[in-house]
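Me: Could you take me through this model and say what lies behind each term you use? I'd like to see the values set against the definitions.

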Amino acid sequence: MSNPNPIFIPGPTNIPERLRRAMDVASRDHRAPDFVDLIRPVFENLKPVFGTSAGQVVLFPATGTGGWEAAITNTLSPGDTVLAARHGMFSQRWIDLCRRHGLDMRVFEAPWGEGVPVEAFAKALAADTDHRIKAVLATHNETATGVRSDIAAVRQALTVADHPALLCVDGVSSIGSLDFRMDEWGVDLAVAGSQKGFMLPAGLAIVGVSPKARAAMETATCPRAFFDMRDMMAANAAGSFPYTPSVPLLCGLRESLAMLAEEGREAVHARHHRIAEGVRRAVAAWGLSLCARRPALYSDTVTAILVPDGYDAGALVAHAYTRYGVPFGIGLGDVAGTVFRIGHLGQMTDVMALSGLATAEMAMVDLGYPITLGSGVAAAQAYYRETAAHAVPAA
Ligand code: PLP
């Protein structure tokens, strides 16, 4: 039997019944003349979610990692210098992927719990007067640490330095849930995945491409075949794909975009903020700290919580799963064992969040954590009650 409980990992997220039904479709011919009727509105309706009208959005049968690879191999050449920061597991993995493609990575080390080090980036960009840096990588929402970075500030650093580098942003755990403004922030490549804010299974890498990134494809020499965006864009323009797309996922994405539009983008962002704030109030009531070091960095899609000294966060997550059947996120990389994560993105309501908080409390008390049963739930309840008038529940 499938587990009837909601899940609290930061992706894949809970799949709404409406989307499961939308994906229950018969096979159809992706080269038929009416296939365009399915995909064209999907591409158009993705644009506002990415905050772009100047750019376009492409879909690959892949995951977020494939989106990273598509973004860099289509626009860069081996040996190109790329500026990046390592401040969590996902920023680290993107750096590693770039290295494997022969890019010359200039990496700033930042504490895990901090955001993109914008001042260090600004200095590096200002000093790079011969424009050796071809791209700047930024992880909008570091899922490993629950940290949201200021992408507008990274763009500002590029603007002040009058620097032409491409701005490549990992929005895998933000786009669809948090405010994302590709055009306004001057983002050239924005990577998302179907299994987070879009509430679908993994399987679609969703990449926003600016006109400048599109132009860079003509001179980039990194090898690419499956991920060649020029092939993809040409096929899409003709109403198809260069290879066989997953029709169920495309149908799911069409419905997911309808759900986001019905709720309204601002309401979606506000809901994520409310839910996250309730979770943060619970953490404060437990007397625990967040991995994110300052409120300006707090993520509204995932909360990473430091366990007290002497406790093993991995054991806590394992206990919650085996005893109560509720998955939370383990700590990854440098914060393995010291952090557990509550994912609260995608389809999430006050009531779902409260059930996760109640479970986390039971698991912590079982394992002898110095917290009072009910304290976090009560703090979150109080906040959700106070703010409920503004709530727009997910469909
Ligand atoms: N980037 C971020 C911020 C993520 O959270 C993840 C996955 O959790 C990825 C990239 C990698 O995405 P995927 O697992 O879909 O390849």
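Here is our conversation about the structure.

Me: Before we start, how are the residues numbered, and what kind of model is this?

Reply: Numbering starts from 1 along each chain as its sequence is written. The model is predicted, so local features need pLDDT of at least 70 and side-chain atom pairs count only at pLDDT 80 or more, while totals for chains, interfaces and linings use all residues.

Me: Why is K196 called buried?

Reply: A residue is buried if 20 or more other C-beta atoms lie within 10 Å of its own, exposed if 12 or fewer, and partly exposed in between, with C-beta atoms placed from the backbone. K196 has 28 other C-beta atoms within 10 Å, so it is buried. Its place is the loop between β8 (189-193) and β9; strands here are DSSP runs (E, at least two residues) and helices are too (H or I, at least four), numbered from the N terminus.

Me: What marks K196 in the UniProt record?

Reply: The unreviewed UniProt entry puts "modified residue: N6-(pyridoxal phosphate)lysine" at K196. UniProt positions follow the numbering used here, feature names are shortened, and annotations may be inferred rather than shown by experiment.

Me: Which residues is K196 in contact with?

Reply: Contact means that the C-beta atoms, placed from the backbone, lie within 7 Å. Leaving aside neighbours within four places in sequence, K196 is in contact with G11, T13, V172, S173, G176, S177, L345 and G346. P12 sits in the segment before α1.

Me: Which residues come nearest to the ligand?

Reply: Among the 13 residues around the ligand, T63, G64, T65, T143 and V172 come nearest. A residue is near a molecule or strand if its C-beta atom, placed from the backbone, lies within 6 Å of it.

Me: How does the shell around the ligand divide by residue type?

Reply: The shell holds three nonpolar, nine polar and one charged. Ala, Val, Leu, Ile, Met, Phe, Trp, Tyr, Cys and Pro count as nonpolar, Asp, Glu, Lys and Arg as charged, and the others, Gly among them, as polar.

Me: What makes strand β1 largely enclosed?

Reply: Five of the six residues of β1 (residues 56-61) are buried, so the rest of the structure largely encloses this strand. Its antiparallel partner is β9 (residues 204-209), joined to β1 by six bridges; strands pair if DSSP finds at least two bridges between them. Q56 stands opposite V209 in β9.

Me: How do you know that A205 is buried?

Reply: A205 has 25 C-beta neighbours inside 10 Å, and therefore counts as buried. This residue lies in β9, and its contacts beyond four places in sequence include F60, A62, T63 and G64.

Me: Why does one side of β10 and of β12 lack a neighbour in the sheet?

Reply: These strands belong to an open sheet of three, in the order β10-β11-β12, with antiparallel pairing. β10 (289-290) and β12 (339-343) stand at the edges with a single partner strand each, so one side of each has no neighbour in the sheet. Two bridges join β10 to β11 (residues 302-306), and L290 has I305 as its bridge partner in β11.

Me: How do you know that the length of helix α9 agrees with its residue count?

Reply: The expected span is 1.5 Å times one less than the number of residues. For the 17 residues of α9 (residues 247-263) that should give 24 Å, and the end C-alpha atoms are 24 Å apart, so the two agree. After α9 comes G264, with a positive phi near 95 degrees.

Me: Are H131 and M199 buried or partly exposed?

Reply: H131 has 13 other C-beta atoms within 10 Å and is therefore partly exposed. M199 has 29 within 10 Å, so M199 is buried. Neither is a glycine, yet phi is positive in H131, at about 55 degrees, and in M199, near 65 degrees.

Key: Two residues are in contact if their C-beta atoms, placed from the backbone, lie within 7 Å.
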